[in-house]
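Hi,

Here is the structure I promised to pass on.

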Amino acid sequence: MADCLFCSIAAGTIPADVVLETDDVLAFNDINPAAPTHVLVIPKRHVDSAAGLGPDDAGLLAAMFSAAARVGEKCPGGWRLVTNVGPDAGQSVIHLHFHILGGRALGWPPG
Ligand code: AMP
Ligand code: ZN
């Protein structure tokens, strides 16, 4: 999608610190990390958010969760998967992404 930051990262036209790539999914370090491990997992094709997912996206979701699990392996103490949807949740990039956070004790509930 034109003018989408994460589509541009997926296409390689904007650089990112990539940690994992598959046919359908890219994972890269968050530019403003909130924890020692803070990786974003995105689908290469544009989906606005988790609100745009449906039964046809089962394979894509499996690929995203599988990538998240691989990223989480570097956090033996545990890790958290978060996806923000819409303004109340603080979604700032309108392209589906999982935040994978770990490497320190994480508070709950989030703010
Ligand atoms: P959210 O607020 O849930 O939409 O998360 C968007 C995330 O993208 C934030 O944690 C930002 O720090 C991160 N971010 C924004 N621009 C970039 C970029 N160019 N490379 C990596 N992460 C980014
Ligand atoms: Zn996009």
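How many helices and how many strands does the protein chain have? There are two helices and five strands, and please keep in mind that this is a predicted model. Reading from the N terminus, the order of the elements is α-β-β-β-α-β-β. With a radius of gyration of 13 Å, close to the 13 Å that the globule rule gives for 111 residues, the protein chain is as compact as a globular protein of that length.

Looking at contacts with a separation of 6 or more, 52% of them are between residues 24 or more positions apart.

The protein chain has an accessible surface of about 6,300 Å², and carbon and sulfur atoms account for 56% of that. As for charge, I get 6 positive and 11 negative side chains. The centres of those two sets lie 10 Å apart.

I also checked the cysteines. C7 has a relative accessibility of 10%, so it counts as buried, the cut-off being under 20%. C75 is buried too, with a relative accessible area of 4%. How many disulfides does the model have? The count comes to zero, taking a disulfide as a pair of cysteine sulfur atoms within 2.5 Å.

That's what I have so far.

Cheers

Conventions:
Residues numbered from 1 in each chain as written. Chains lettered and ligands numbered in written order. Predicted model: local features only at pLDDT ≥ 70, side-chain atom pairs only at ≥ 80, totals over all residues. Heavy atoms only, no water. Helix = DSSP H or I, 4+ residues; strand = E, 2+ residues; numbered from the N terminus. Rg over C-alpha atoms; globule rule 2.2 N^0.38 Å. Contact = heavy atoms within 4.5 Å. Areas by Shrake-Rupley, 256 points an atom, 1.4 Å probe, with all protein chains shown as cover. Lys, Arg positive; Asp, Glu negative; His and termini not counted. Charge placed at Lys NZ, Arg CZ, Asp CG, Glu CD. Buried < 20%, exposed > 50% of the residue type's maximum accessible area, 1.4 Å probe, protein only.
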